[in-house]
Amino acid sequence: MVAVQEQPSCDFTLIIDGSETVITEGVFKSRDGIAKITSPGNLQVSRFRSIHVRGNNTGSVSFDRCTSICVEGVREISITRCKQAQIEQSGNILINSCKELKVNGAGNLRVTRCKFTHLVSCGNVMINRCKMLTVDWTGSVCVTRCKTAQLSRCGGVRIDRCRSADVFSCSNVSVLRGKVNYVSEMQGEQVVMGVKVNYASELPEQQVAMGEKVNNASELPEQQFEMGVKVVE
């Protein structure tokens, strides 16, 4: 006899106005928007004012033009043109245009055009065009065109065109252009890496700040993200 391995179910629970609906196939319509299963394990959600989607750590969900969304337990998430998003304990995330984003527990993230972003306990993170960014306990972080950023307990950090960034207890730090304040956890003192760094070549090849090695941007290897994204100069 050949044992047949049972495949995990990819059902989603939709919570709208306090009522729960389980969807495994077909289309769910309401006055606000539409949620439909495009293929087994893939859910497409559009134009909801407020919706909460709960998965079982499988499947993928894409959101388009929703006002407020909450997601938990989904393997892959894609969000386009949503105002507020809160994500917990999920997999890889791709964000394109979001006003306020909060993530607690996720895989790799790529965020483009988000005003306020707060990330905790994530994998590798790539941020492009953010007004205010807070990152804590993540893997490698790449920040481009950010007004204010606060990074703590991260892996390698790469910053380009950031007006003001505070970095606490991270690994290698690379600054192309911007102002970065580095704080060593051991010393508890603030080390200013320069008022402005216009080009990466202006940094010496190796700097030592409070016992931490700060590498030039050219020394950092290209960061590989699982969602097909590479950081390429």
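**Note on the predicted model**

1. Asp-136 is buried, at a relative accessible area of 16%; buried denotes under 20% relative accessible area, exposed over 50%, and partly exposed the range in between, with a 1.4 Å probe and protein chains only. The side chain of Asp-136 meets that of Arg-153 in a salt bridge, at 2.6 Å from N to O. A salt bridge here requires a side-chain nitrogen of Lys or Arg within 4 Å of a carboxyl oxygen of Asp or Glu. Arg-153 is partly exposed, with 41% relative accessibility.

2. Basis of the model. The structure is a predicted model, in which local features need pLDDT of at least 70 and side-chain atom pairs count only at pLDDT 80 or more, while totals for chains, interfaces and linings use all residues. Residues are numbered from 1 along each chain as its sequence is written, and side-chain values use heavy atoms, with hydrogens and water left out.

3. Overall composition. The chain has 0 helices and 20 strands; these are DSSP runs numbered from the N terminus, helices being H or I of at least four residues and strands E of at least two. Of its 233 residues, 45% count as buried. Among contacts in the chain with a separation of 6 or more, 15% are between residues 24 or more positions apart, contact meaning heavy atoms within 4.5 Å.

4. The loop between β12 and β13. Thr-138 is found in the loop between β12 (125-136) and β13 (141-152). Is Thr-138 buried or exposed? Thr-138 is buried, with a relative accessible area of 10%. Leaving aside neighbours within four places in sequence, Thr-138 is in contact with Ser-121, Cys-122, Gly-123, Val-125, Arg-153, Cys-154 and Gly-155. Arg-153, one of these contacts, is also the salt-bridge partner of Asp-136.

5. Further salt bridges. The structure holds 4 salt bridges. One of them joins Arg-54 to Glu-20, with the closest N and O atoms 3.5 Å apart. Arg-54 belongs to strand β6 (residues 50-54) and Glu-20 to strand β2 (residues 19-23), so this pair ties together parts 34 residues apart in sequence. Arg-54 is partly exposed at 27% relative accessible area, whereas Glu-20 is exposed at 52%. Another salt bridge is formed by Arg-49 and Asp-32, the closest N and O atoms being 3.2 Å apart. That pair links distant parts of the chain, with Arg-49 in the loop between β5 and β6 and Asp-32 in the loop between β3 and β4, 17 residues apart. Arg-49 is exposed, with a relative accessible area of 55%, while Asp-32 is partly exposed at 22%.

6. Strands β3 (residues 27-29) and β4 (residues 34-39) run antiparallel and are joined by 3 bridges; strands pair if DSSP finds at least two bridges between them. Within this pairing, Lys-29 has Ile-34 of β4 as its bridge partner, and the hairpin leaves 4 residues between the two strands. β4 also runs antiparallel to β5 (residues 42-46), through 5 bridges, with Lys-36 opposite Gln-44 in β5. The β4–β5 hairpin has 2 residues between its strands, and Gly-41 in the turn has a positive phi of about 85 degrees.

7. Nonpolar core. The largest nonpolar core has 54 residues, among which Leu-43, Phe-63, Leu-101 and Leu-151 touch the most other members. Such a core is a set of buried Ala, Val, Leu, Ile, Met, Phe, Trp, Tyr and Cys residues joined through side-chain atoms within 4.5 Å. Beyond neighbours within four places in sequence, the contacts of Phe-63 include Val-45, Ile-51, Val-53, Ile-69 and Val-71.

8. Cysteines. A search of the whole structure finds 0 disulfides, a disulfide being a pair of cysteine sulfur atoms within 2.5 Å. For Cys-162, the nearest cysteine sulfur is that of Cys-146, 4.7 Å away; Cys-162 is buried at 4% relative accessibility. For Cys-170, the nearest is that of Cys-154, 4.0 Å away, and Cys-170 is buried with a relative accessible area of 4%.
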